[in-house]
Amino acid sequence: MKEELISYWKTYGVIRDKDVLQAFKDVPRENFVPEKFADQAYIDSPLPIAGGQTISQPSTVMVMTEELKVKTGQKILEVGTGSGYQAAILSKLVGSKGKVVSTEIVLELVDFARKNLERSGIENVEVIEHDGSLGYEKEAPYDRIIITAACPKIPEPLIKQLKNGGILLGPVGSILRGQEMIRITKKDDELKEEILGEFLFVPLRGKHGFKEK
Ligand code: SAH
């Protein structure tokens, strides 16, 4: 089933980058979904995890990974660890000299992700219980920032914590009607913004997220 997804991506040119495909091969997604869904780990669909959250569908994770243009040795900030799967994929691309700092606001998921990463033998991801809409000042600045929850707008602290030459990626828009994937490239302290397509994510919470009623 894993091979079928890879050949589907290759056939339709969804994912072209060899290193990104290799990262998908190297991370056991079955370790990142709840046990009862283990047999569905390679279906191209999101799956429920604790706290009413979801692990994104494989195509979404891989497209975002490719669009982030990760290089070895980089330091990446993720907002929304969830299962830890996206962080695990990124950790393969930055390699042992790089690092992924991943923030999660739901404590139960912090524990779930740490366990999943550990049993997958991944050591260069640090999961932090934190409101990631504030970024994570302590480890800033970052070469890459990835937001894996829907934002009303890109949180200002994240733009501040992005290195010059860095890339930030995240879905911006409405919870109900969906979001557009925005890629921001910071160059000479100016921001270039691109729109990459439509997606549907669970809402970002916290200070710069959607207000809860
Ligand atoms: N990247 C995840 C999927 C993320 S789903 C994976 O690979 O499985 C979005 C996640 O963002 C949820 O787990 C949700 O709890 C988390 N989240 C929402 N608002 C947040 C915030 N302000 N800071 C950190 N995490 C947040």
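Which residue forms a salt bridge with Arg205? In this predicted model, the partner of Arg205 is Glu212, and the closest N and O atoms of the pair lie 3.5 Å apart. Glu212 counts as exposed, because its relative accessibility is 59%. Arg205, with a relative accessible area of 32%, is partly exposed.

Side chains of opposite charge can pair when their charged atoms come close. The count of salt bridges comes to seven. One of them brings together the side chains of Arg183 and Glu67, with an N to O distance of 3.0 Å. This pair links distant parts of the chain, since Arg183 belongs to strand 8 (residues 178-187) and Glu67 to helix 3, 116 residues apart. Arg183 is buried, as its relative accessible area is 6%, whereas Glu67 counts as partly exposed at 24% relative accessibility.

A salt bridge is also formed between the side chains of Lys163 and Asp143 (3.0 Å, N to O). Lys163 lies in strand 7 (residues 162-174) and Asp143 in strand 6 (residues 142-147), so the pair ties together parts that are 20 residues apart in sequence. Lys163 is partly exposed, with a relative accessibility of 31%, while Asp143 is buried, with a relative accessible area of 14%.

On the surface, a patch of positive charge is formed by Lys69, Lys71, Lys187 and Lys192. Among them, Lys71 is located in the loop between helix 3 (58-67) and strand 3 (75-79). Lys71 counts as exposed because its relative accessibility is 51%, and exposed means over 50%.

Definitions and conventions: Residues numbered from 1 in each chain as written. Predicted model: local features only at pLDDT ≥ 70, side-chain atom pairs only at ≥ 80, totals over all residues. Heavy atoms only, no water. Patch = residues over 30% accessible without salt bridge, like charges linked within 9 Å, V, L, I, M, F, W, Y side chains within 5 Å. Areas by Shrake-Rupley, 256 points an atom, 1.4 Å probe, with all protein chains shown as cover. Salt bridge = Lys/Arg side-chain N within 4 Å of Asp/Glu carboxyl O. Lys, Arg positive; Asp, Glu negative; His and termini not counted. Charge placed at Lys NZ, Arg CZ, Asp CG, Glu CD. Helix = DSSP H or I, 4+ residues; strand = E, 2+ residues; numbered from the N terminus. Buried < 20%, exposed > 50% of the residue type's maximum accessible area, 1.4 Å probe, protein only.
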